[in-house]
Amino acid sequence: MGTQGLYWLVPLAPLFGALVAGVFCRVISRRIAGSACILGVAVAFAASVAIFLDVREGGGFDGIVYTWLVSDESVFGIGFLIDPLTSAMMLIVTFVSLAVHIYAIGYMRDDPGYNRFFSYIALFTFSMLMLVMSNNFLQLFFGWEAVGLVSYLLIGFWHDRPSAAEAGMKAFLVNRVGDFGFVLGIGLIFAHFGTLDYTSVFNLAEKYRDAVVPLFGSSGFPLVSVICIMLFVGAMGKSAQMPFHVWLPESMEGPTPISALIHAATMVTAGIFMVARMSPLFELSETALSFVMVVGASTALFMGFLSIVQTDIKRVIAFSTLSQLGYMTAALGASAYSAAIFHLMTHAFFKALLFLAAGSVIIGMRHEQDIRYMGGLRKYMPVTGVTALIGSLALAGVPFLSGFYSKDSIIEAVRMSEIPGSGFAGFSLLTGVFVTAFYTFRLYFLVFHGRERFFAARGKQDGMHAHGFSRGQAPEEPPWTMTAPLIVLAIPSVIAGYLFIEPMLFGGFFHKAIVTADSHPAMERVFGHFSSPLEMALKAPGSAIFWLTAAGILLAWFLYLARPAIPAAIRARGGVLLEFLENGYYFDRFYAAVFCGGARLLGKGLWKAGDSGIIDGLFVGGSVRAVCRIAGLLRSLQSGHLARYAFSMAAGICAIFSLWFFIHMNWIKP
Amino acid sequence: MSAVPLLSCAIWLPIAAGLLVLAAGLAGNAPLARKFALFGAAAGLFVAAPLYFGFDVTTPAMQFVESKPWIPLFRINYHLGVDGLSAAFVMLNCFITLIVVFGSRVSSQKYAPSCDAVFLVMSGLFNGIFSALDGMLFYVFFEASLIPLYLLIGIWGGPGRVRAAFKFFLFTLMGSLPLLVAMIYLFFYSGGNFSIAAWHLMPIDKVSQTWVFFAFFMAFAVKTPMWPLHTWLPEAHVEAPTGGSIVLAAIALKLGAYGFLRLALPVVPDASREFAWIMVALSLAAVVYIGLVALAQMDMKKLVAYSSVAHMGFVTLGIFMLEAPGGASAASSALGIEGALIQMISHGFVAGAMFFCIGVLYERTHSRQIADYGGITRAMPKFAVFFMLFSMANIGLPGTSGFVGEILVILSAAEYNYGVAFVAASTLILSAAYTLWMYKRVMFGPVTNPAVAALNDIDVREFLVLSLLALGVLGIGLYPRSLSEIMRLSVSELLRHIAISKVF
């Protein structure tokens, strides 16, 4: 009971903070609202630490704690599954959330929606915790949708901006398309396994390994593969995999702290977590794994390219996030679930760090976000500069830093994998290493090094409220509440990889929580080449990955610091390829034209032609017209002309009398 | 059970109060009329509460039964009672009546006592429909409830009210005449009996079942409304005053689906099973076709009206996923029917709330056109929160009542036929698209209309009404057992009953 209370405390403490800040948002002061939320999240973090320690000692839990609905044979409810995977996620979520909460005190200082903002991010923390702690698919879906809701609310946080409102709606709708698949996957599980409880489903899954079911009234479909692919469609929406990635870059309309928390560190990794959680299912389907791997590898490479051409500081990082999520997804496809979660963790640290550093730059630059108008900032913002460098090195995968360990493990695992598509995936991920290093340091050099370009006069753009600098003014480092979280996140960005690679990947920490089939030995083979984190880093120069990273960084230095004229010339010349990249492969335009335009057109057509035309016009109107015609005939009988009435009466009387006469004379028989 | 005839009170108290309101109003004493109206509505809820809280969940039998001969010549009885299928509706109806009467000053410029009177009378008649256990009594209440709605639209409606009221009346009349014929046919078939319970038990041959089923279909499909008999609804909603729209969406639309459950399924089970595929197909058409049509609407009320039709499509889908070709289990059918019932109750709260929200805006600006709005959030932040909550419930977000029915029906459909589930689940995308797009255009963005900038946020009364509705939406969403426990045994009993063929 004691530990169960602790489990409840983790999601409910942030919820409490969110309710206090949200319900009384117009009554209470900023200090109270902020403190309530931070306190709630801090409590959740502390409880998560306690639970983590308990789980390391072999503790755990799996059971329903609240019955939501009972129908015939099925019980739906809220339950917790506390195992190493869950407790690791809880730690990551609450830690990053806490850092972002504290950062937001400074970042949102001048915003009138301060209380509302805190309420939202605390609510997000609650939802995300419900998602990761769930022991059944229904609650998973609850958390899944709830984080989507908060994401929608936060992207559209500045709701007067049409672009923000648009972006929020787009995020919600694209996610809903993913959820469409997700729900159908859950439905299929329920239809065939008769339960939505993880453990029961996993236990039953083995029996259904080769089950073939008729779907859509036709030939047989392999049940487990269909389930896995349907579930993964949901993950593609939430984790923004191609072709569902279009919402993530636009989500940058939201305040920067939430870009760090939701759109980099936690929510977008829900899909990765979900697939890892479902490893007992995915391991049964080679087809699904192959699909997962190809989608992930494509996202990793093609989204990386897009990052190179962005000019908005947040969009550079957003496309980088897409690419890194692709890495994680590819790892899932290679059955390297632990490597995916490991990269999820390190990425949460360094990407949250990079986003918060970007937010710090934006504040320091007085809401300027275009990296072409920055440069040389390390002089003015030393803490931000150094922490951003750490984040960039980690992202690029420089040895000894956290990103190095996790990314290398993923690439190794994919190379060891034998499932169809691993050749393409291995190539994409390797190329991606070079691209990652290049765009990361392009950003770093453009912002923190080189010529100071922020004095350049800049025409006022609509939608932006950049103030600009005049001579004598300079960017400044923001207050400590914003720099402290940078430092707090910089530390694990450096050391987390070194410390945790052994226990997380090879030490059996995830034993039982993650299942890998004997026929998918990628991780085991990676382990075969592994001795210690120190040696792994020292041996790095012997691999292509290291040199690709170095080449990327070097090229970024050459193009953006040594010879800045070259990229400027390329941009000036334009060309088909550049246009193709700048338009994001035309995904957005295609969707807008085909799906949005098509649905609207179809709706209008059905309304005008179907409802008004056929149903009302033909059937309803037709019967009304028929009634009118008959009524018209009858009406002519009562025209109001006295003479006609008299005539009719006379004729009637004549007729009746004739009838009577005929009957009377027995000429006709009645 | 108890000495007090609760169901009779739930029917006649509001009607009596309505007549008092009318009398006071005609006498020109508006304040007194208002007092009578509020009292009547509160009293209705007060007598209905024991039906819900004192409901015995351990039996599928009829409870709170009252029976007296009414027209002995035709063996028509004044026979009342509720079971798990109907108890919650009586409660919902009384609740919505209180909301409407309490909030009615929102909708009309000057207070019209006779308007309140109509709401009260209608509330009593609806309670009669939900508790009638005699076919003729059911029919009388069913038809009588047409009149107040017709008056509401025709007298207190918008500029196109006459046409809308007429269309509404014609459509429903077209449905009710076959219903009357079916009732009389069943009367003779059963050897001179109007008792619904007797009809449930009596064997009926195949051909008669078909005729009776389609007679029921005409009556209930128009009322629900099912595609393609839905075109009267958007027009009626647009012209109806706010209170009328709320009652129409929250209660009147439930009568059709309730009729299917109370009459069509148990009286003619073989025909219901045989033609279930038609019902499923029409329901799916409603979900997709209407979802797309809703997307194209420019009038908020019309949009929500179409969204109601789509949601009711989910209800009829849940009811008629009876026996799958592959052999759906009783458990999955039960899931579908429970989902449908919860969806109906939930829709009462959500659609009622959506229409109330639109009424709040209409009251201030006298426009329902989406294009006339934009940036309301800036001017009315409290209102924005409520409207967001109800929009999310309309989308079926987990944690709100809209989710419960939707997920149960989709889960049931996945077992029934995966293709059906596939089409049904498209509501996830469509409902989000039309609801959020409307919300965005009305509530977000910069304020472009100077009239919007001057808007006042909701007052205390509106706040109270919206809070009560929100409580219902969240309550059902977070603890649906409060409803499903009441329905469970009656649903299993119904399914057990209809699984047995009546063809002799």
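**Figure 1. Domains of chain B.** In this predicted model, 21 Å separate the centres of domain 1 of chain B and domain 2 of chain B, taken over C-alpha atoms. The division places residues 1-144 in domain 1 and residues 145-500 in domain 2, with bounds that come from an automatic or database domain assignment. Contact between the two involves 45 residues of domain 1 of chain B and 54 residues of domain 2 of chain B; two residues are in contact if their C-beta atoms, placed from the backbone, lie within 7 Å. On the domain 1 side, the elements that give two or more residues are strand 2 (76-82), helix 3 (87-102), helix 4 (113-131) and helix 5 (135-144) of chain B. By class, that side has 31 nonpolar, 10 polar and 4 charged residues. Here Ala, Val, Leu, Ile, Met, Phe, Trp, Tyr, Cys and Pro count as nonpolar, Asp, Glu, Lys and Arg as charged, and the others, Gly among them, as polar.

Residues are numbered from 1 along each chain as its sequence is written, while chains are lettered from A and ligands numbered from 1 in the order in which they are written. As the model is predicted, local features need pLDDT of at least 70 and side-chain atom pairs count only at pLDDT 80 or more, whereas totals for chains, interfaces and linings use all residues.

**Figure 2. Overall fold of chain B.** Chain B contains 23 helices and 2 strands; helices (H or I, at least four residues) and strands (E, at least two) are DSSP runs, numbered from the N terminus. The C-alpha trace of chain B spans about 70 × 55 × 40 Å along its principal axes. Of the 504 residues of chain B, 63% count as buried. A residue is buried if 20 or more other C-beta atoms lie within 10 Å of its own, exposed if 12 or fewer, and partly exposed in between, with C-beta atoms placed from the backbone. Among contacts in chain B between residues at least 6 apart in sequence, 80% join residues at least 24 apart.

**Figure 3. Contact between chain A and chain B.** Chain B contributes 42 residues to this contact and chain A contributes 45 residues. Several helices of chain B give two or more residues to its side, among them helix 13 (276-295), helix 15 (330-365) and helix 23 (481-498). Helix 20 of chain B gives the most, with 7 residues. The side of chain B comprises 28 nonpolar, 9 polar and 5 charged residues.

**Figure 4. The largest nonpolar core.** Of the 448 residues in this core, those that touch the most other members are A:Ile121, A:Ala330, A:Ala331, A:Ala340, A:Ala352, A:Ala413 and B:Phe216. A nonpolar core is a set of buried Ala, Val, Leu, Ile, Met, Phe, Trp, Tyr and Cys residues joined through C-beta atoms within 7 Å. Helix 15 (residues 337-364) of chain A supplies the largest share, 20 residues. Domain 1 (1-144) and domain 2 (145-500) of chain B both give residues to this core, so the core lies between them. Not counting residues up to four places away in sequence, A:Ala352 touches A:Val96, A:Ala99, A:Val100, A:Ala260, A:Leu261, A:Ala264, A:Ala265 and A:Leu489.

**Figure 5. Antiparallel strands of chain A.** Strand 1 (residues 61-71) and strand 2 (residues 74-82) of chain A run antiparallel and are joined by 9 bridges; two strands pair if DSSP finds at least two bridges between them. A:Phe80 in strand 2 is the bridge partner of A:Gly63. The hairpin has 2 residues between the strands, and A:Asp72 takes a positive phi near 45° there.

**Figure 6. Backbone geometry in loops.** The peptide bond from A:Met242 to A:Pro243 is cis, with omega near 0°, and A:Pro243 lies in the loop between helix 8 (223-238) and helix 9 (247-250) of chain A. The bond from B:Thr224 to B:Pro225 is cis, with omega near -15°; B:Pro225 is placed in the loop between helix 9 (206-223) and helix 10 (232-239) of chain B. B:Arg75, a residue other than glycine, has a positive phi near 50°. B:Arg75 is partly exposed, with 18 other C-beta atoms within 10 Å.
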